[in-house]
Amino acid sequence: FGRALRYAGTVGSTQDEVRAWADDPQDPAPHGAVVVAERQTAGRGRRGRTWDTTHGTLVFSVLLQGPLALPDLALMPLAAGVALHAACGVGGLKWPNDLLTPDGRKLAGILLEADLRGEEARRAVLGLGVNVSAAPEGAAHLSEFRPGLTRADLLARILAELERWLAASPEVVLDAWRCSSVTLGREVRVTTPRGDLTGTALDLDPQGGLLIRTPDGITVTAHAGDVHLVG
Ligand code: BTN
């Protein structure tokens, strides 16, 4: 990844920049192409949120050319989380892929956007935002733990890890995610598109969903949503 790389100053969202490059008939972006930006004016987070790109954050998007089967796509956010954790070497993952400090502050986030076509995706765009030397209120930055790590070094490390983990088998990804997790075994509240769920986070299912045991002893699976660690 990153052998084709564009560095931009200010953009709306690097997600859109990569798509526009992929659609450029003169010079279409290849698989693994990367757009890095200094600032975004319309950075997107998961579930319709915005992503605040302050000075000192590393923001970039990677083009994943398809066709991509939906089960593979479902595990990609987890694989990307494992890669991010391996590259940063601190903290742990909150399902599905937020990197948190040991005291629970957010260091980085991942957004996977797929361009669906029937039962597959014709391509996907993976976007990462890492607080390197500055962070929004309440979040953490990596230089608290890894002083001297530059954005260029971190980008190279993350791209190498992404290439490795996105090619790994589902079992290997799931096991690595379990080892990097700060979610499993914890009391959680999950905000899903179908309402809130509370219980103990038990494990991942083979599709990367989060298995939760509710107080009445029933095990349910969350496939999408936000996890809040409550205990
Ligand atoms: C989240 O935690 O909600 C995901 C945040 C993802 C932010 C990155 S920054 C680079 C890329 N471009 C965007 O507009 N969003 C992602």
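In this tour Ala, Val, Leu, Ile, Met, Phe, Trp, Tyr, Cys and Pro count as nonpolar, Asp, Glu, Lys and Arg as charged, and the others, Gly among them, as polar. The model on the screen is predicted.

**The ligand shell**

Select the ligand and the residues around it: 20 residues surround it, and the closest are Ser13, Gly45, Gly109, Gly127 and Gly129. If you colour this shell by class, it divides into six nonpolar, ten polar and four charged residues. To see which parts of the fold the shell draws on, show helix 1 (14–22), strand 3 (57–69), strand 6 (106–117) and strand 7 (120–131), each of which supplies at least two of its residues.

**The whole protein**

Now display the entire chain as a cartoon, in which there are four helices and twelve strands. The radius of gyration is 17 Å, close to the 17 Å that the globule rule gives for 231 residues, so the protein is as compact as a globular protein of that length. Turned along its principal axes, the C-alpha trace spans about 60 × 45 × 30 Å. If you draw the contacts between residues at least 6 apart in sequence, 61% of them join residues at least 24 apart.

Next, colour the two parts that the domain assignment gives, namely domain 1 (5–180) and domain 2 (187–229). Their centres, taken over C-alpha atoms, are separated by 23 Å. To the contact between them, domain 1 gives twelve residues and domain 2 gives eight. On the side of domain 1 that touches domain 2, select helix 2 (70–88) and helix 4 (170–180), the elements that give two or more residues to it. By class, this side of domain 1 holds eight nonpolar residues, one polar residue and three charged residues.

**A stop at Thr200**

Finally, centre the view on Thr200, which lies in strand 9 (residues 195–204). Leaving aside residues up to four places away in sequence, show Glu187, Ile212 and Arg213, which Thr200 touches.

Technical notes. Residues numbered from 1 in each chain as written. Predicted model: local features only at pLDDT ≥ 70, side-chain atom pairs only at ≥ 80, totals over all residues. Domains from an automatic or database assignment. Contact = placed C-beta atoms within 7 Å. Near = placed C-beta within 6 Å. Rg over C-alpha atoms; globule rule 2.2 N^0.38 Å.
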